[in-house]
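Dear colleague,

I am passing on the structure we spoke about, and my notes follow below it. Please look through the structure first and then read the notes beside it.

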Amino acid sequence: MAISNSNNLIFLLSILSFSFLSISTPGETSNSNFQIKQQQNEEQERGPFVGVNIGTDIQNMPSTSDLVSFLQLQKITHIRIYDANPDILKSLSDTKIRVIISVPNNQLLAIGSSNTTAASWIQRNIVAYYPQTLITGISVGDEVLTTVPSSAPLLLPAMQSLYNALVSSNLHNQIKVSTPHAASIILDPFPPSQAFFNQTLVSVILPILQFLSKTQSPLMMNLYPYYVFMQNKGVVPLDNALFKPVTPNKEMVDPNTLLHYTNVLDAMIDAAYFSMKNLNVTDVVVLVTETGWPSKGDSKEPYATKDNADTYNSNLIKHVFDHSGTPLHPEATSSVFIYELFNEDLRSPPVSEANWGLFYGNTSAVYLLHVSGIGTFLANDTTNQTYCIAMDGFDSKTLQAALDWACGPGRANCSEIQPGESCYRPNNVKNHASYAFDSYYQKEGKAPGSCDFKGVAMITTTDPSHGSCEFPGSKNVSNKTKEVVNSTHTSNAGEKLRFRIIKIITINNILHIFLTCLSPLLLVLL
């Protein structure tokens, strides 16, 4: 993974323009005019997936057999590795785990300049294992155009040579060839409709896109909302970067298309689609080969925390399995690979570089994902503990009205928020409303609609209890379960992972009204 080097000034100017509602008639951009040709292969038929990247800069890397057993325990069905490790490929045999293998940047010259070398690489790393090992793709190089631009002329020849070798082995329909790009190849990404590829790279990018179109292969993109947020604090709200439910005034609206964006990743994906459209390529799907959030950083990275990493990756997983696509392409949900499975403790500074993993090298969990309700992926525990709390962004009068209803006609137990009781402090309406909302929600058995309160409440998987104040939902959890929730180091992390349903409150804003928190000036203009 490479740290993003996006042009901050361009980003700031462009995202501010993203904040404003266009008063002109929307353009003709629509799904009917901008269609993505669905790739008719086995992977596409299964629908979108969430996979994991596996780096190996780890002091005590599990053996390949232990690694594969761990992947099976966690119900991980898709992985990406940064080479073509023969031990891993052999251990994956007959497991039904699908793998994308990689050509390191330092091998591009040999493969791109010799069809014989490419054919040998395919024989040695694919034909020798397929189909017992389900290799689904080859990522050729990694962020070549931005990290080693001198190798850019080698990229397409290497991809073509590998593809031709696959054709010779009659494997070109089963195994796709592409190359991962950094987000910084796209300039002016916000609003997405104005995005375009760096003009200095178009002479390389366009032939690559034409190759991807011809071979029905995806555009691989490494997309990190974390870096977008860090480079633009004060412009990009944290909630949007973390997939948190947002109020209408925090939605980002593209002034050209009037599409509403509630999270940064969707906007980045659509920026890639618009950039391709500007080059007349409309039949290539986006595959997110890397995305994630670090759980630890130095003093310059205060938002690299376990809570934020948990929130981002949990909500990311739920977002993909919701099959909701993006605002531009609701019919085409991009599959993603989380960066990454393990913390790579041998990585060089900054501190965050060694702390992107879901697990430590000993397979204990760095934090516990909250992904209940999306199947068996990444867990064996289906505790499904959820709470109802007040949303941010509403005034005290509105919250007070909802609080009064909950404690009155709603018959919630509000005794603990009375003066002198354990949940009285902090003495503010948002805290008291959250307690009352959760009391009602739990009393109603978490029934659909029991956490709404005219749109001011939301369901969360984070226990809102604090100090001596124990929320009603937390009282329903046994002491044993609490020990699991608070544990991050276990001898068997797979059995300790928790699943909780994250229900995102959907706010339909069908009018042309757009409020934004990205620029206080907008409120004056409106």
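Alanine 158 is a residue of helix H8, which covers residues 152–168. In this model, which is a predicted one, alanine 158 has a relative accessible area of 0%, and it therefore counts as buried, the cut-off for that word being under 20%. Although 48 residues of sequence separate alanine 158 from alanine 110, their C-alpha atoms are 8.4 Å apart in space.

Turning to the sheet, you will find 9 strands in an open arrangement with parallel pairing, and their order is E5-E4-E3-E2-E1-E13-E12-E9-E6. The edges are taken by strand E5 (176–178) and strand E6 (180–182), and because each of them has a single partner strand, one side of each is left without a neighbour in the sheet. From one strand to the next, the twist averages 25°. The partner of E5 is strand E4, made of residues 134–140, and these two strands pair in the parallel sense over 3 bridges; within this part of the sheet, isoleucine 138 stands opposite valine 177, which belongs to E5.

Helix H13 is the next element I would ask you to look at. It runs over residues 306–321, 16 residues in all, and the distance from its first C-alpha to its last is 22 Å, close to the 22 Å expected at 1.5 Å a residue. Of the 16 residues of H13, 13 are buried, so the helix is largely enclosed by the rest of the structure. Just after H13 comes histidine 323, which takes a positive phi of about 55°.

Which helices each supply at least two residues of the lining of the largest cavity? They are H12 (264–278) and H13. The structure holds 1 cavity of 30 Å³ or more, and about 70 Å³ of space lies in the largest cavity. Its lining is made up of Leu265, Asp266, Ile269, Leu316, His319, Val320, Gly325, Thr326, Thr333, Ser334 and Val336. Sorted by class, this lining has 5 nonpolar residues, 5 polar residues and 1 charged residue.

With best wishes

Technical notes
Residues numbered from 1 in each chain as written. Predicted model: local features only at pLDDT ≥ 70, side-chain atom pairs only at ≥ 80, totals over all residues. Heavy atoms only, no water. Helix = DSSP H or I, 4+ residues; strand = E, 2+ residues; numbered from the N terminus. Expected span 1.5 Å × (residues − 1). Buried < 20%, exposed > 50% of the residue type's maximum accessible area, 1.4 Å probe, protein only. 1 Å grid on protein atoms, 1.4 Å probe; cavity = no way out; pocket = protein on both sides within 12 Å on 5 of 7 lines; lining within 4 Å. Points joined across faces, edges and corners; volume = space filled by probe spheres on them. Nonpolar A, V, L, I, M, F, W, Y, C, P; charged D, E, K, R; others polar. Pairing = 2+ DSSP bridges. Axes fitted to C-alpha atoms, helices over the stretch in contact; angles between N-to-C directions.
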